[in-house]
Structure formats: structure tokens, C-alpha cells
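Here's a quick briefing on side-chain contacts, from charges to rings.

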Amino acid sequence: MALKPFRAPGARVALRAKPASRRFHGNAGEAEVILDISRLLSRAFHPTPTGIDRVEYVYARELLERMPDRLAFAAVHPAGGYYGRLKDGAVRQFLAFTAARWRNAGATDSKEGRAAIIRHLIALRPRPVPRAQGPRVYLQVSPHHLDDQEQVGAILRAEGAKFVTLVHDVIPLSHPEFARPQGAAEHRKRLASVDSFASGIIGNSQATIDALAPHLKRGLEGRAVRVAHFGSDPVEPAGATGHKIPDRPYFIYISTIEPRKNHLLLLNVWRRLVEQMGNAAPVLVLVGRRGWENENVVDMLERGAILRGHVIEAGQVSDSEMQALTRHARAMLMPSFVEGFGMPVVEALTAGVPVICSDIVAHREVGGGAPDYLDPLDGIGWMRAIRSYSREGSPERAAQMERIALWSPPTWRDYFDIVEDILAEVTVSVS
């Protein structure tokens with residue numbers, strides 16, 4: 001998700017009420033919307049964002065554009081406890097600073113850069129929760145602190161607000177073998193909070209909503225539920241990149257290195273390609289940090305001598321670098337076993353870059369008829385497709401380019417039309 005520039009110009013805090021802000025008077029049919037940005041604050045020192053970080057940022061950016069007079073910000077302190085309301089001006093500056101930092105990863109790794117982050121966090125001083133003058137909706141789009149049901153309940157009581165949340169996936173429960181050791185238990189607690197408090201649920205795909213339903217004791221009935229596919233920002237003009245663009249055909253995979261992402265399949269495919277083609281083999285560029293429980297993948301990356309020069313582990317890169325590397329790839333590869341959405345599929349297709357991805361429900365839902373789909377266990381099929389796409393004048397690649405021309409990308413405008421719709425429905429239920 002390439003980020004457009006921002007367009008809008010410590011301890012537990014007592015949750016006492018004060019007179020409502022002058023800028024919101026409870027206009028008929030409208031609710032004050034409080035957006036939780038706990039995730040962004042908690043990851044302020046990370047050089048590059050995750051997909052969830054990006055989504056929370058885009059919510060702040062787009063809602064400021066759409067409803068500046070009835071939008072407020074809140075967060076849970078990184079050390080725990082409700083942080084309270086955040087000053088609008090400080091939030092706007094923090095968002096602009098965050099977007100700039102993501103576009104130039106590493107710029108804040110220095111002592112001066114870390115000091116700048118601290119200054120922004122200090123500027124985000126909390127304010128007491130104002131007394132409500134009309135309906136309120138508390139909007140949380142990350143899983144941050146959802147595993148603490150007591151805290152979520154206390155926040156909603158302090159705000160006097162209905163709760164709307166975005167669910168990204170149910171993978172730790174549907175596929176616990178792909179989660180961290182405590183992942184299933186933590187996610188079960190998050191969904192308990194959703195089940196107890198959510199008046200509205202946004203799913204990033206129908207696949208996510210279908211997977212979620214069995215885990216809610218109260219079910220989906222009686223709640224506002226919407227499916228909204230994430231959009232993708234326009235590709236920025238080509239700029240300098242810290243990683244040299246390979247001088248022979250290459251493929252890119254953007255993902256944290258973790259078991260469900262199926263990097264092992266690609267590394268074994270590449271080993272065979274090098275054995276068969278030697279230096280004529282295409283290059284594989286891996287973008288993303290190393291995650292957890294991936295010893296076999298790390299062993300191949302660090303000790304697989306045959307892959308050197310053929311597999312490039314770019315690691316965490318800036319948005320500008322990621323776009324540059326994607327723009328010139330023969331295709332985006334996405335062999336994951338399970339996804340809630342599949343943002344790289346949308347981003348690559350939006351940029352006009354072909355996609356070869358695993359044949360799973362979420363990918364089919366967002367990619368439609370454009371990508372080439374393969375079983376994530378079909379190593380021979382993946383090898384054939386990669387060899388074909390690496391050739392100049394590849395008919396398979398040309399055919400997908402024609403399909404991409406007919407593919408309609410999801411847009412943030414459509415996405416936030418849906419968000420406004422669910423906020424309005426929940427507001428009616430409040431009134």
C-alpha cells in the first residue's frame with residue numbers, strides 16, 4: 001500500500017468528563033467518531049510498517065478528509081492504560097511525520113531520528129474525555145489491546161460510545177499451526193471483545209467474515225456488518241532505490257517471512273531453477289522482515305550457496321524502494337497458504353504488474369480473473385509458471401496483462417463510503 005503524503009493541514013489518565021469540544025455539537029443524524037490510533041503509537045520506533053499499520057494510517061488520513069469536524073483521536077498508552085483523547089494538531093503532525101518516515105525507511109534510525117519520534121510522542125499528550133453532546137462511535141481498526149476485554153469495556157464506558165471494529169483475519173484460530181505459540185489464545189481473547197462489544201464489524205473480505213462467524217457466540221445477527229476491500233494508493237513516480245534493480249528477469253515477494261507465507265516452496269523452486277538454468281535463472285527478491293518459526297527458510301537463505309546471487313533478501317525497505325522493485329518485476333509472487341485479504345495482490349495489479357498467487361478464497365475474492373492461480377503445494381506448477389513469465393515475450397504474461405487491463409481495482413473512495421455507511425447505521429441504533 002503506497003502511502004500518499006498526508007493531506008490534512010506514559011501513565012494511566014483519569015477519565016473525567018469535561019464540556020464537549022466546540023467543534024462537535026451532535027448534529028442530527030451524525031455521531032462523533034473517535035478513531036483509536038494505539039497501533040501507530042505503539043510502533044512509532046519501527047522503521048517500516050506492517051499492513052495493519054498502513055490501514056490504521058489510511059483511516060486517519062481519509063476520515064480527516066471526510067469528517068474533520070466530528071473526528072477525534074484516542075489511544076492506549078504503549079505502557080498500558082487508556083491514553084485518553086489526543087490533540088488534533090499533534091496527531092496531524094505525527095501522521096505526516098510517520099508517512100515521511102515510511103517513505104524513507106532508516107531516516108529515523110539515528111539518535112536524532114529517535115529523538116524526533118520521542119518529541120512527537122510527548123506532543124501527543126492526552127486530554128480528559130469530553131462530555132458527550134450526542135451519539136458517539138468508537139472506531140478501532142487494529143487488534144491492539146483487544147485481548148484485554150476489561151480495558152475495552154472501560155474505554156467504551158468512559159466515552160459513552162458504541163463500538164465498531166475492523167477484523168483483518170481469523171487465521172490464529174482457523175490455522176493455529178501458522179500462528180505464534182500463544183497466537184490462538186490471544187486471538188480468542190480479541191474475538192471475545194468483539195463479540196461482547198461490537199455493534200458494527202467491518203471485514204476486509206467476505207472470506208474473513210465467513211471465517212469469523214463461527215467464533216462469535218452472539219453471531220452476526222443484530223450487528224451492522226460490512227465487507228470492504230482495501231484500496232491502493234496511486235503508484236508514486238520512480239525514485240532512487242537503495243537496492244540495485246536486478247539486471248536480469250526477476251520476481252518479487254513482499255511478505256514477512258513466516259510459515260503460512262510458504263517461502264520454503266519458492267526457495268526450493270529457485271534451487272531447481274538454478275540447477276537447470278545456471279546463471280540464466282531469474283532472480284527472486286524477498287521484501288520483508290524475518291518473522292518466527294522459519295528455521296528451514298533461514299537455513300536456506302544463509303547456507304544455501306547455490307542460491308547466492310539468485311535470491312536477494314532485501315529485508316525491510318522504504319515504500320519508495322518497494323515500489324521501484326515491484327514496478328520492474330516480471331510478476332509478484334504470493335504462494336501463501338491462507339490470507340485474510342492479500343494486499344500485495346491488489347497493489348501489484350493496481351500498478352499493472354502481473355501476479356502469480358496461491359489459489360485460495362481471499363486471493364480469488366480480490367484478484368478476480370486477473371492473476372494466475374496455483375495450488376500452494378504445486379511446486380512443479382510454480383516452477384513452470386515462473387520459467388514462462390521470465391521469458392521475453394511470454395504469452396502467459398501477455399495474457400495476464402490483457403486481463404489486468406479489464407480488472408477494476410478497489411478504491412479507498414469506495415472503501416470509506418462503506419465505512420461511513422456502517423457508522424451511520426450504528427449511529428441510528430444509538431439514537
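Let's start with charges: Glu32, Arg85, Arg136 and Glu159 are tied together in a network of salt bridges, a salt bridge being a side-chain nitrogen of Lys or Arg within 4 Å of a carboxyl oxygen of Asp or Glu. Keep in mind that this is a predicted model, where local features need pLDDT of at least 70 and side-chain atom pairs count only at pLDDT 80 or more, while totals for chains, interfaces and linings use all residues. Residues are numbered from 1 along each chain as its sequence is written, and side-chain values use heavy atoms, with hydrogens and water left out.

**Salt bridges**

- Side chains of opposite charge can pair when their charged atoms come close.
- By the rule above, the count comes to 26 salt bridges.
- One of them joins the side chains of Glu420 and Arg66, at 2.5 Å from N to O. This pair links distant parts of the chain, with Glu420 in helix H16 and Arg66 in helix H2 (residues 51-66), 354 residues apart. Helices here are DSSP runs (H or I, at least four residues), as are strands (E, at least two), numbered from the N terminus.
- Glu420 has 27% relative accessibility, so it counts as partly exposed, and Arg66 is partly exposed at 27% too. The classes go by relative accessible area: buried is under 20%, exposed is over 50%, and partly exposed is in between (1.4 Å probe, protein chains only).
- Asp299 pairs with Arg303, the closest N and O atoms being 3.2 Å apart. Both sit in helix H10 (residues 295-303), four residues apart, or about one turn of the helix.
- Why does Arg303 count as exposed? Because its relative accessibility is 62%, whereas Asp299, at 32%, counts as partly exposed.
- Arg260 and Glu258 form a salt bridge as well, at 3.5 Å from N to O, and here both partners are buried.

**Aromatic pairs**

- Rings of Phe, Tyr and Trp (its six-membered ring) pair if their centres lie within 6.5 Å; planes under 30 degrees apart count as stacked, over 60 as edge-to-face and the rest as tilted. By this rule there are eleven aromatic pairs.
- Phe230 and Phe341 have ring centres 5.0 Å apart and planes at 65°, so they are edge-to-face. That pair also links distant parts of the chain, 111 residues apart: Phe230 is in the loop between strand E8 (224-227) and strand E9 (250-254), and Phe341 is in the loop between strand E12 (331-334) and helix H12 (343-350). Both Phe230 and Phe341 are buried.
- Trp412 and Tyr415 make another edge-to-face pair, at 5.3 Å centre to centre with 80° between the planes. They lie in helix H16 (residues 412-430), three residues apart, about one turn of the helix.
- Trp412 is buried at 5% relative accessibility, and Tyr415 is buried at 1%.
- Zooming out, ring pairs link Tyr59, Phe230, Phe341, Trp412, Tyr415 and Phe416 into a cluster.

**Charges over rings**

- Arg180 lies over the face of Trp292, 3.9 Å from the ring centre. The rule asks for NZ of Lys or CZ of Arg within 6 Å of the ring centre and within 35 degrees of the ring normal.
- Arg364 lies over the face of Tyr373, at 3.9 Å from the ring centre.

- Asp233, in the loop between E8 and E9, is buried with a relative accessible area of 2%. Its side chain makes a polar contact with the side chain of Arg61 at 3.0 Å, and another of 3.3 Å joins the side chains of Asp233 and Trp412.
- Asn204 sits in the loop between strand E7 (198-203) and helix H8 (206-212), and is buried with a relative accessible area of 2%. The Asn204 side chain reaches the backbone oxygen of His168 at 2.8 Å and has a 2.7 Å polar contact with the side chain of Thr208.

How values were computed. Polar contact = N/O pair within 3.5 Å; in protein donor to acceptor, adjacent residues only side chain to side chain.
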